[in-house]
Number of protein chains: 2
Amino acid sequence: MKKIKGSLTLPAPLVLARQGSFFVNQRSIHSAFPAAAGVLEPGHISVKVMYVQYQVPQALAPGLHPLILVHGAGHSGKTYEETPDGRMGWAEYFVRCGAPVYVVDHSGRARSGFDPTPTNQALLQGRADLVPAFRHFTNEQAWVTFRLGPAAFTPFAATLFPVDARDQYFAQLLPNTETSYPEGGQNTVDALAALLERTGPAVLLVHSQSGLYGIQAAAACPDLVKALVCIEPRDCMISDAQVQAVFTRVPLLTLFGDFFGLETGVWPGRMQACLQAVERIRAAGGKAENIYLPQRGISGNSHMLMMDRNNQQLAGMILDWLRLNAG
Amino acid sequence: MKKIKGSLTLPAPLVLARQGSFFVNQRSIHSAFPAAAGVLEPGHISVKVMYVQYQVPQALAPGLHPLILVHGAGHSGKTYEETPDGRMGWAEYFVRCGAPVYVVDHSGRARSGFDPTPTNQALLQGRADLVPAFRHFTNEQAWVTFRLGPAAFTPFAATLFPVDARDQYFAQLLPNTETSYPEGGQNTVDALAALLERTGPAVLLVHSQSGLYGIQAAAACPDLVKALVCIEPRDCMISDAQVQAVFTRVPLLTLFGDFFGLETGVWPGRMQACLQAVERIRAAGGKAENIYLPQRGISGNSHMLMMDRNNQQLAGMILDWLRLNAG
């Protein structure tokens, strides 16, 4: 850290060996309806593709593997960039710690694009039944579901989410385009496996909706996943076969924030599912752990832990765990 | 450049003072149909917002202004990142030359999201007429329209576009979501003006579809645009009032690649419109220039000049022009 004017501190410069972006899991299809206005000729388009943006630090830290960061429902790779209130996000933090970092947009969302064939066909043929359902979290749903902050109906006075910057957060929510498409989730799983083939052995860090994608990608290529880190995963569904074949080899960390005393909401149940998965993996001889932050004396974390005011502390905790457990 | 193993050369490390991303031009609306599956409660969502990703080099070059890079139809900010064949894109090149760089996704596209209200309403109410038209360039259309490479019907044998990496290029094409929405293009113009308010005086570099957005953003805040660079703009529509009020102050550069002898296509006509605009601005005492690359002895450039094999040469030419003309 460099001090300027005796008070303000700036982080040291960020020194990168290289950066860039590319696509994986591309499939070419013939679309009969690539448009519903303008030039209408049928032709080929790319679908199921996943956009990947990466940075490789100049100084690699010994013992740290590359990290692949996967966002949750209603979000894009923006999740891991600058926080809504302008602080450093997890992607840059991990790079500064010496790890190559890959940030993705789910297949069928944001810079990964989506297939407009069904909507264009619906418009041109009057077939409303063909229209896919594009779910967008409203601000009100996000506020409650993601346990962001204080409200008449919740006691979140101690939230660490940067609630004053809520507008910058709401701006990043976008439609879950891919969930409406055939094999929407499976496309991201396939794309993560393709990405792992390209990066080589890496840590997979997933959030919320992507919890299951992480489990399935680890199952698809267990030799390439040095550890799976699930940040408040919606699911911890791991079959007995997967426990044996995958998670006796792939260390698993699940991490949950503060439920703010709302023991009847969805989150305690989701953590309970993870605790059971952790126990089954341990019984089979694997490495697995759940961290419930309030039990570590850390209160106030929302569902968006990578944006909370203690986001660097949490990222450091994850790296400490990886150094111990991801060989 | 650092030599390794006596043959391969690697670029020097990239040293950044800071980087990040944020949103501008956010509007909150009440959506009656934020979803058509799952949780269906109406509520507020953010629309018209524009995603901006930026990098500021540690060593700023004297005389270079920040650059705002705006993509064209069917593309996202990915346009200016790593090229399809894995070389450095214009965004990183300009940063390495010492300029802060801001890369955007049009309002209503890619990480900027889009409003799913009309499609969800169409599905729930059986109203196919409400479905917006989402145009996606097919590979075949892109190949011809963007003059990418050789084909039975075109003589592009000398193209500088990295045709062997065409699949990575096709993967980045995505639906023009925003063109179907109310004020689709105007939202990006408004967002560029909001971005300029935040960055302060900057150079606006636009491509293809965004040519008109650049002209309109310059007209909205001429004191904040140090120069407008239009890369193969679709339009050069500048009114007499704009010539006087805007372009006597804002220098204009328009730049075109190789038409490969296809003098009957759309591109010669588009350049002709720019040549006329340039003449009118000069007659009014402003600075304006059109560069037609073959007249400078540079043959083989496609519509995607920022991806062509000589992309760094072209970026350097643009910087040279800016140093001379953008005070």
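**Exercise 1. Describe the second largest pocket by its volume, its lining and the classes of its lining residues.**

Step 1. The volume of the second largest pocket is about 400 Å³. A pocket is an open set of points on a 1 Å grid over the protein atoms alone, with protein on both sides within 12 Å along at least five of seven lines; a cavity is a set of points where a 1.4 Å probe fits but cannot get out; lining residues have an atom within 4 Å of a point. A volume is the space filled by probe spheres set on the points, which are joined across faces, edges and corners.

Step 2. This is a predicted model, in which local features need pLDDT of at least 70 and side-chain atom pairs pLDDT 80 or more, while totals for chains, interfaces and linings use all residues. Residues are numbered from 1 along each chain as its sequence is written, and chains are lettered from A in the order in which they are written.

Step 3. The lining of this pocket comprises 24 residues, and B:Ala73, B:Arg135, B:Phe137, B:Asn176 and B:Arg234 lie nearest the centre. Two or more lining residues come from each of α3 (139-145) and α8 (266-283) of chain B.

Step 4. By class, the lining has 9 nonpolar, 12 polar and 3 charged residues. Nonpolar covers Ala, Val, Leu, Ile, Met, Phe, Trp, Tyr, Cys and Pro; charged covers Asp, Glu, Lys and Arg; the others, Gly among them, are polar.

**Exercise 2. Characterise the cavities of 30 Å³ or more.**

Step 1. The structure contains 2 such cavities.

Step 2. The largest cavity holds about 80 Å³ of space. Its lining has 14 residues, with A:Ala110, A:Phe114, B:Arg109, B:Ala110 and B:Phe114 closest to the centre. These 14 lining residues divide into 8 nonpolar, 4 polar and 2 charged.

Step 3. The second largest cavity has a volume of about 40 Å³. Helix α9 (residues 311-325) of chain B contributes the most to its lining, with 3 residues. Helices (H or I, at least four residues) and strands (E, at least two) are DSSP runs, numbered from the N terminus.

**Exercise 3. Determine how chain B is related to chain A.**

Step 1. The superposition is by least squares on the C-alpha atoms of residues with pLDDT of at least 70 in both copies.

Step 2. The two copies are therefore related as by a two-fold rotation axis.

How values were computed:
Side-chain values use heavy atoms; hydrogens and water are left out.
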